[in-house]
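Please work through the exercises below with the sequence and the model open beside you. Each task is followed by a solution in steps.

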Amino acid sequence: MSQEKSKVVALMSNDISTDIIYPGRFMATVLPTETPQYCFADMTELNKRLKNKEIPPNSVIVAGANFGCGSSREQAVSTIKGHELIIVAKGFARIFLQNSVNLGLKTVVCPTIEASEGDELEILPDKVVNVTRGKSFPIEPLPKARQAIVDAGGLIAYTRKRLLEKMGNK
Amino acid sequence: MAMTLVEKILAKATGQPSVKAGDVLEPQVDLAMSHENAALVINQFSEIYKDTGIPLKVWDASKIAIIFDHRVPAESSKTATNQKRIRDFVGKQGITKFHDIRGDEGGICHQVLPENGYVLPGSVIVGTDSHTTSHGALGTFAFGIGATEMASVWTLGTVLNVEVPGTIKVNVNGKFPDQVYPKDLILYLIGKLTAEGANFKVLEFHGETIKNMSTSGRLTLSNMSVEAGATSGIVPPDEETLLYLKEEAGIDFKCELLKPDLDAKYDQVIEIDVSKLSPQIACPHTVDNVKSINEVMNIKVNQIVIGSCTNGRLDDLEVAAKILKGKKVAKGVRMLVFPASWRIYREALKVGYIADLMDAGAVIMNSNCGCCLGVHQGALADGDVSLSTTNRNFKGRQGNPNSEVYLCSAAVAAASAITGIITDPRGIN
Ligand code: SF4
């Protein structure tokens with residue numbers, strides 16, 4: 001996990017759905033190179049700033065509980081990953097969290113997080129430090145089932161390794 | 001050790017005598033379902049094989065199902081091209097459980113699967129669709145996954161690193177009052193649990209009401225379990241399940257029906273008596289914003305939608321047709337009906353429901369997801385209100401972030417079509 005300081009660029013409420021992150025009408029677009037343009041498409045201001053590259057990589061979105069609820073569409077993850085944003089949320093919906101792990105989007109479960117737009121955060125392995133406020137908040141570690149995939153560098157690499165083992169090519 | 005139903009299924013799928021919540025397992029997959037998003041799965045699948053020198057071959061072509069339903073017929077050349085790529089892949093890999101855009105065997109994936117006998121009690125089903133939970137209605141452990149995870153399943157035939165979920169037992173008793181349906185029950189439960197109340201858990205449905213419920217009603221419950229965050233919603237299989245398999249899918253299921261142990265450990269037990277339940281409405285913009293109908297009556301609606309994998313089955317069309325027979329859809333209201341499969345469409349034609357609905361002024365659409373996910377068909381204008389039997393009302397869900405979606409049963413939808421305002425079906429007829 002990055003130890004550089006990251007700026008909070010947006011605050012979001014509970015229950016941010018995949019329809020907000022990546023509206024269904026763009027679902028025919030699947031390539032990770034093309035999905036980033038529709039990131040938060042209906043939050044027009046944020047979408048514009050992202051498209052204009054006004055938001056640097058490793059910036060943070062701080063959200064409430066149940067971030068990514070709704071559809072299993074993986075575009076909701078690749079669209080955010082394309083901008084290299086980090087999501088610090090009080091909680092995530094299951095499929096979104098799994099997709100993030102699989103694709104390598106940085107997601108941090110931080111149930112007590114307090115932050116405002118513009119705050120500087122430092123994301124450590126076990127806590128998020130809000131440097132601006134001088135306060136820190138504990139991180140819930142990923143379930144061990146998921147950590148193994150992160151350690152392998154994502155699900156593609158993990159499965160490829162397993163495939164090669166299976167075919168005895170190792 | 002005493003086990004819940006999902007624990008039993010996972011013990012079987014991993015060849016172990018017992019498993020418990022929290023264990024990390026790699027279960028065998030009995031069925032892997034995708035729809036148009038198979039286009040993305042194919043990309044990721046090729047990515048896994050890249051530079052390995054191993055020829056691209058799915059682990060078991062007979063266990064993969066692909067159903068076109070999300071944008072049918074294609075709304076854009078982009079979708080058509082994706083569908084074409086999938087069709088080519090299906091042909092090359094020899095995938096047989098493929099349902100193309102056809103009037104004889106097509107429909108919405110979560111209806112096509114059980115109808116065709118692809119869903120068997122005690123099995124593990126994954127799908128690149130969050131409402132894969134639906135298939136728990138037949139006693140399977142069924143859950144949604146992303147496209148990359150599906151590519152991994154196509155490669156290995158197992159789901160990697162599954163943590164056995166804890167289970168919430170939902171005991172439902174009492175007889176449904178007139179014009180109150182399983183949809184009202186599940187909306188009520190989601191309102192109680194909240195949108196994340198069952199996150200990472202399974203809902204296991206029990207009680208007299210469930211025992212007496214048709215598989216169609218059970219599909220509605222399991223379908224919407226994910227709206228409380230649940231990994232899966234499951235009904236222990238019983239006589240009704242066997243009857244459904246025989247009559248609907250032509251399958252004489254002879255294997256043992258797995259049941260949860262009586263002393264299984266549950267994270268929580270919820271008791272519901274439906275005998276006093278009233279029609280429920282999920283208000284914008286979250287599915288857990290559930291109110292009893294008397295709190296939202298008289299809201300003006302512009303579009304009524306009856307359909308989807310939640311409530312587009314024959315019993316839903318019957319309820320709507322009975323309410324609308326000889327009546328008219330209010331002027332200025334658009335009523336769209338999406339039968340959940342072409343089989344249902346044909347049956348509804350035979351028994352006259354389609355004619356009744358058309359005579360009332362409804363537009364019968366082809367069987368597909370339609371406006372449920374706001375990609376094509378039935379777009380909403382700014383400021384429009386949609387009253388829909390589908391399962392999600394998130395901002396923008398039906399294609400326009402400046403519109404509102406209310407969710408309800410087929411009875412509420414039909415009664416409201418007549419008046420043009422949200423109407424209690426108990427007062428009609
Ligand atoms: S009908 Fe709606 S909820 Fe069901 S599979 Fe289609 S888009 Fe998903």
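A charge is said to sit over a ring if NZ of Lys or CZ of Arg is within 6 Å of the ring centre and within 35 degrees of the ring normal. The model is predicted, so local features need pLDDT of at least 70 and side-chain atom pairs count only at pLDDT 80 or more, whereas totals for chains, interfaces and linings use all residues. Residues are numbered from 1 along each chain as its sequence is written, chains are lettered from A and ligands numbered from 1 in the order in which they are written, and side-chain values use heavy atoms, with hydrogens and water left out.

**Exercise 1. Find the ring over whose face K97(B) lies.**

Solution. Apply the charge-over-ring rule to K97(B), which lies over the face of Y118(B), at 5.3 Å from the ring centre.

**Exercise 2. Classify the ring pairs F68(B)–F98(B) and W342(B)–Y345(B), and place each residue.**

Solution. Step one is the rule: rings of Phe, Tyr and Trp (its six-membered ring) pair if their centres lie within 6.5 Å, and planes under 30 degrees apart count as stacked, over 60 as edge-to-face and the rest as tilted. Over all chains this rule gives 13 aromatic pairs. In F68(B) and F98(B) the ring centres are 5.2 Å apart and the planes stand at 90 degrees, so this pair is edge-to-face.

Step two is location, for which helices (H or I, at least four residues) and strands (E, at least two) are DSSP runs numbered from the N terminus. The pair links distant parts of the chain, 30 residues apart, with F68(B) in the loop between strand 3 (64-67) and helix 3 (77-93) of chain B and F98(B) in strand 4 (residues 97-99) of chain B. Both F68(B) and F98(B) are buried, where buried means under 20% relative accessible area, exposed over 50%, and partly exposed in between (1.4 Å probe, protein chains only).

Step three turns to W342(B) and Y345(B), a stacked pair with 4.8 Å centre to centre and 10 degrees between the planes. Because W342(B) and Y345(B) are 3 residues apart in helix 12 (residues 342-350) of chain B, about one helical turn separates them. W342(B) counts as partly exposed because its relative accessibility is 23%, whereas Y345(B), at 15%, is buried.

**Exercise 3. Describe how chain B meets chain A.**

Solution. Begin with contacts (heavy atoms within 4.5 Å): 49 residues of chain B are in contact with 48 residues of chain A. Next take the buried area, which is the accessible area (1.4 Å probe) that two parts lose on being put together, summed over both; here it is about 4000 Å², 58% of it on carbon and sulfur atoms. Then count salt bridges, each a side-chain nitrogen of Lys or Arg within 4 Å of a carboxyl oxygen of Asp or Glu. There are 3 salt bridges between chain B and chain A, and one salt bridge joins the side chains of D19(A) and R397(B) at 3.5 Å, N to O.
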